[in-house]
Amino acid sequence: MKKYWPAAVGGVAVVAAVAIAAPSAVGAPTGTRPAAETRTATTATTAPKATAKAPAATPAAAPAPAEDPVRTVRPGQRVDAGRGFTVWLTRKGKHWTGPDGYENFRSVVDGNIDRSEPGVSHQSEGDATGVFHSGLYYGTRKAGRVELTDAEGHRTVATLVALSGRPDWGVWYAHTPAAGNGGGSLGVTLYDRAGRLLDELPGFDFPTGRG
């Protein structure tokens with residue numbers, strides 16, 4: 001761009017043409033330097049790997065408790081023994097009645113049984129329709145089974161009943177078909193809960209009746 005300034009030289013105005021170039025920075029290059037390249041450092045962030053969790057262990061189911069082979073009853077509680085028979089226990093011993101209505105009793109305190117060691121007793125009564133067997137087991141708190149065995153080896157498992165608190169005695173009962181002589185030749189065997197033999201009565205003939 002050109003600008004003109006008047007000047008007086010010897011009274012005569014002289015117009016001098018002065019070319020003024022656009023100012024530039026001293027020492028600055030006339031070219032345009034591209035802006036410095038700015039690099040942004042990028043820090044790679046690695047997401048933590050998901051750790052697969054092991055499935056929670058399922059607790060093993062507790063084994064079901066073994067069924068108690070002995071039914072617990074209260075003193076004087078009547079138990080329906082089937083076929084018209086009823087059994088109940090008191091602190092003094094075993095009581096039962098049959099279809100005839102007669103009450104029977106077998107003591108555990110009269111000294112006739114030795115409760116210091118395992119034992120079993122047997123009473124029976126019946127007719128042509130069948131025989132009812134019952135008795136005491138005693139001298140153990142771990143009675144597991146009472147079996148009756150006939151002359152041919154057939155076995156009948158009895159029901160066990162005891163008073164609450166599990167004293168060292170209880171009652172067993174069972175039914176068998178009529179045998180002609182009221183249940184003779186039936187052996188009675190007492191086992192503990194582990195199946196160990198505790199006592200046995202060999203089979204023999206005896207008449208039907210209340211023993």
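**View 1. Phenylalanine 132 counts as buried at 1% relative accessibility (buried means under 20% relative accessible area, exposed over 50% and partly exposed in between, with a 1.4 Å probe and protein chains only).** The model is predicted, and for this reason local features need pLDDT of at least 70 and side-chain atom pairs count only at pLDDT 80 or more, while totals for chains, interfaces and linings use all residues. Residues are numbered from 1 along each chain as its sequence is written, and side-chain values use heavy atoms, with hydrogens and water left out.

**View 2. Two aromatic pairs are found in the structure (rings of Phe, Tyr and Trp, the last by its six-membered ring, pair if their centres lie within 6.5 Å; planes under 30 degrees apart count as stacked, over 60 as edge-to-face and the rest as tilted).** Phenylalanine 85 and phenylalanine 132 make a stacked pair, because their ring centres are 4.1 Å apart and their planes stand at 15 degrees. Since phenylalanine 85 belongs to strand S5 and phenylalanine 132 to strand S10 (residues 130–138), this pair ties together parts that are 47 residues apart in sequence (strands are DSSP runs of E with at least two residues, numbered from the N terminus). Phenylalanine 85 is itself buried, with a relative accessible area of 8%. In the pair of phenylalanine 132 with tyrosine 173, the rings are tilted, at 6.3 Å from centre to centre and with 35 degrees between the planes. This pair also links distant parts of the chain, with phenylalanine 132 in strand S10 and tyrosine 173 in strand S14 (residues 169–176), 41 residues apart. Tyrosine 173 counts as buried, since its relative accessibility is 9%. Taken together, Phe85, Phe132 and Tyr173 form one aromatic cluster.

**View 3. Strands S4, S5, S6 and S7 form an open sheet in the order S4-S5-S6-S7, with antiparallel pairing (two strands pair if DSSP finds at least two bridges between them).** At the edges of this sheet lie strand S4 (79–82) and strand S7 (103–107), each of which pairs on one side only. Within the sheet, strand S5 (residues 85–90) and strand S6 (residues 93–97) pair in the antiparallel sense over five bridges, and the bridge partner of threonine 86 in S6 is threonine 97. A charge and a ring can be viewed here as well, for the charged end of lysine 94 sits over the ring of tryptophan 96, at 3.8 Å from its centre (NZ of Lys or CZ of Arg must be within 6 Å of the ring centre and within 35 degrees of the ring normal).

**View 4. Arginine 83 lies in the loop between S4 and S5.** Its phi is near 60 degrees, which is a positive value in a residue other than glycine. As background, most residues other than glycine have a negative phi. With a relative accessibility of 57%, arginine 83 counts as exposed.

**View 5. Another open sheet of four strands has the order S12-S11-S15-S16, again with antiparallel pairing.** Its edge strands, which each pair on one side only, are strand S12 (155–157) and strand S16 (197–201). Six bridges join strand S11 (residues 143–149) to strand S15 (residues 187–192), and these two strands run antiparallel. Valine 146 has leucine 190 as its bridge partner in S15. Arginine 145 lies over the face of tyrosine 191, at 4.2 Å from the ring centre.

**View 6. Aspartate 168 is placed in the loop between strand S13 (159–163) and S14.** Aspartate 168 is buried, with a relative accessible area of 17%. Its side chain and that of arginine 115 are joined by a polar contact of 2.6 Å (a pair of N or O atoms within 3.5 Å; within protein, one must be able to donate a hydrogen and the other to accept it, and residues adjacent in sequence count only if both atoms are side-chain atoms). When residues up to four places away in sequence are not counted, aspartate 168 touches Arg115, Tyr137, Tyr138, Gly139, Thr140 and Arg141 (contact means heavy atoms within 4.5 Å).

**View 7. Histidine 133 lies in strand S10.** The side chains of histidine 133 and histidine 122 are joined by a polar contact of 2.9 Å. Histidine 133 counts as buried, because its relative accessibility is 0%.
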